[in-house]
Amino acid sequence: MYMEDILGRVARDLEHLKQFTATPGEGCTRLPFTKEARAAVEFLAELMRDAGMEVREDAAGNIIGVLAGENPELPCVMMGSHYDSVVNGGDYDGIAGVICAIEVARQLKESGLQRKRNFVAVGFCDEEGMRFGTGYFGSGAMLGNRDPDYCRRFRDTDGISIYDAMQGYGLDPERVQEAAWPEGSIGHFLEAHIEQGPVLDAAGTEIGLVDCIVGIQRYMVTVYGRADHAGTTPMDMRMDAVEAATKVISKIPDWAREKADGTVATTGYMKTTPGGMNIVAEKVEFTVDIRSKNNDNINDIAHRIRAALDRETAAIGGSYEMDTKLVITPVNLSQEMLQIMEESCKAHAYSYQYLPSGAGHDSLEIGQVIPTVMVFVPSKDGRSHCPVEFTKYSDIAKATVIMTELAQELLSRD
């Protein structure tokens with residue numbers, strides 16, 4: 001394999017994918033079950049076929065390419081990431097990992113080495129959870145964790161459910177459980193991803209070997225009060241939903257700081273109703289995203305939020321609902337696969353370091369049940385989920401070399 005060829009293909013493919021956005025010139029907006037997602041999937045399918053894979057789209061919207069091995073009945077080696085994005089996000093988050101997986105398939109085929117089992121490249125649908133407030137839809141479906149009721153339950157801000165969106169996209173949500181793979185059919189899962197943080201870039205390190213991924217809990221909280229006139233309603237006679245909600249929200253960051261150990265908590269969305277400058281709010285909706293390597297930290301912050309909501313809504317005579325959107329526990333990644341990649345880094349003289357992932361990935365969902373590993377490549381200035389997100393194609397190319405060598409080792413085993 002020649003690095004210049006790998007680099008050229010990675011650059012060509014990622015540059016082409018930049019056009020599949022709903023916000024040209026303002027970052028990548030490629031939400032699930034949209035025309036932008038469909039265009040990206042069709043292009044990825046073409047790349048997979050060109051790399052010698054058999055290609056199909058499953059019932060959850062995942063695009064899957066299979067490079068056949070001698071015994072397809074053996075548990076496969078799977079590699080992939082997601083093709084969706086956040087709103088006005090970057091051009092590398094997720095999709096760079098899908099291109100890596102396809103490039104690894106190319107290198108495996110070009111090497112001519114014996115493959116005793118299948119290599120599978122995947123572009124997952126809706127990892128971000130941006131549209132429906134959930135996340136890991138495609139990878140969760142592959143593990144058998146999504147069903148039609150799940151698809152009916154979650155809706156976007158326009159009131160469109162996953163169920164409805166899938167139908168409009170050309171999928172049948174009643175068949176989503178067909179995306180599940182039989183237990184034991186996936187032997188190992190590999191994922192390459194941009195770091196989305198500043199550690200590697202600041203240190204000038206080429207490869208990040210990810211040893212663990214934080215757990216995540218996400219909630220949509222709705223606080224109910226009563227709408228009143230802002231000028232004529234005395235302060236001690238109000239049922240102000242904003243007052244109750246913000247007293248809780250203001251405490252959440254300090255609770256995360258108190259836990260330390262990399263624990264973070266974020267309120268990224270708020271909406272008041274009726275939303276008038278001269279009206280006491282009758283309703284406030286806000287999200288909470290809590291992450292930590294220590295699941296007890298996450299659970300304790302969630303408990304504190306509920307206790308504070310009990311207290312503050314009682315004080316105004318209001319009420320609240322706390323709807324769980326996502327609960328996923330931290331996962332430690334495969335030490336065996338990390339060691340293989342460490343040796344590859346040494347052999348190629350690539351600088352590397354071990355680090356945790358503070359972002360969730362499809363590997364977090366899949367790693368709950370299948371041996372999993374991740375490689376990070378640097379993000380310039382640590383920026384991600386924004387239009388200025390940037391990763392050098394040369395770093396992505398190096399990641400494909402490391403992961404190809406790992407895949408070759410796993411594929412050669414009986």
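Is the crossing of α9 and α10 right-handed or left-handed? The crossing of these two helices is right-handed; a crossing counts as left-handed if the near helix is turned anticlockwise from the far one by less than a right angle, and as right-handed if clockwise. This is a predicted model, in which local features need pLDDT of at least 70 and side-chain atom pairs count only at pLDDT 80 or more, while totals for chains, interfaces and linings use all residues. Residues are numbered from 1 along each chain as its sequence is written, and side-chain values use heavy atoms, with hydrogens and water left out.

Helix α9 spans residues 252-259 and helix α10 spans residues 295-316. Helices (H or I, at least four residues) and strands (E, at least two) are DSSP runs, numbered from the N terminus. The axes of α9 and α10 are 10 Å apart, and the packing angle is about 150 degrees. Here axes are lines fitted to C-alpha atoms, for helices over the stretch in contact, and angles run from 0 to 180 degrees between N-to-C directions. The two helices are therefore roughly antiparallel; angles under 35 degrees count as roughly parallel, over 145 as roughly antiparallel, 65 to 115 as roughly perpendicular and the rest as oblique. On the α9 side, Ile252, Trp255, Ala256, Glu258 and Lys259 meet Asn297, Asp300, Ile301, Arg304, Ile305 and Ala308 of α10, where contact means heavy atoms within 4.5 Å. By class, this contact of α9 with α10 holds six nonpolar, one polar and four charged residues. In that classification Ala, Val, Leu, Ile, Met, Phe, Trp, Tyr, Cys and Pro count as nonpolar, Asp, Glu, Lys and Arg as charged, and the others, Gly among them, as polar.

Helix α8 (residues 241-249) also packs on α10, at an angle of about 155 degrees and with the axes 9 Å apart. This angle makes α8 roughly antiparallel to α10. The crossing of α8 with α10 is right-handed. Ala241, Glu243, Ala244, Lys247 and Val248 of α8 form the contact with Ile305, Ala308, Leu309, Glu312, Thr313 and Ile316 of α10. Seven nonpolar, one polar and three charged residues make up the contact of α8 with α10.

A further pair is α1 and α13, whose axes come within 9 Å and cross at roughly 115 degrees. Again, α1 passes α13 in a right-handed crossing. Residues of α1 in this contact include Met3, Ile6 and Leu7, and those of α13 include Tyr393, Ser394 and Ile396. The contact of α1 with α13 has 10 nonpolar, two polar and two charged residues.

How many cavities of 30 Å³ or more does a search of the whole structure find? The search finds two. On a 1 Å grid over the protein atoms alone, a cavity is a set of points where a 1.4 Å probe fits but cannot get out, and lining residues have an atom within 4 Å of a point. Grid points are joined across faces, edges and corners, and a volume is the space filled by probe spheres set on the points. The largest cavity has a volume of about 40 Å³, and its lining includes Cys28, Arg30, Tyr83 and Asp84. That lining has four nonpolar, two polar and four charged residues. The second largest cavity, of about 30 Å³, has among its lining residues Cys100, His193 and Ile396. Two or more lining residues come from each of α3 (95-111), β5 (186-194) and α13 (393-411).

Two backbone features remain. Thr273 and Pro274 are joined by a cis peptide bond, with omega about 5 degrees, and Pro274 lies in the loop between β10 (270-273) and β11 (279-280). Phe33, a residue other than glycine, has a positive phi near 65 degrees and lies in the loop between α1 (3-17) and α2 (35-50).

Conventions:
On a 1 Å grid over the protein atoms alone, a cavity is a set of points where a 1.4 Å probe fits but cannot get out, and a pocket is an open set with protein on both sides within 12 Å along at least five of seven lines; lining residues have an atom within 4 Å of a point.
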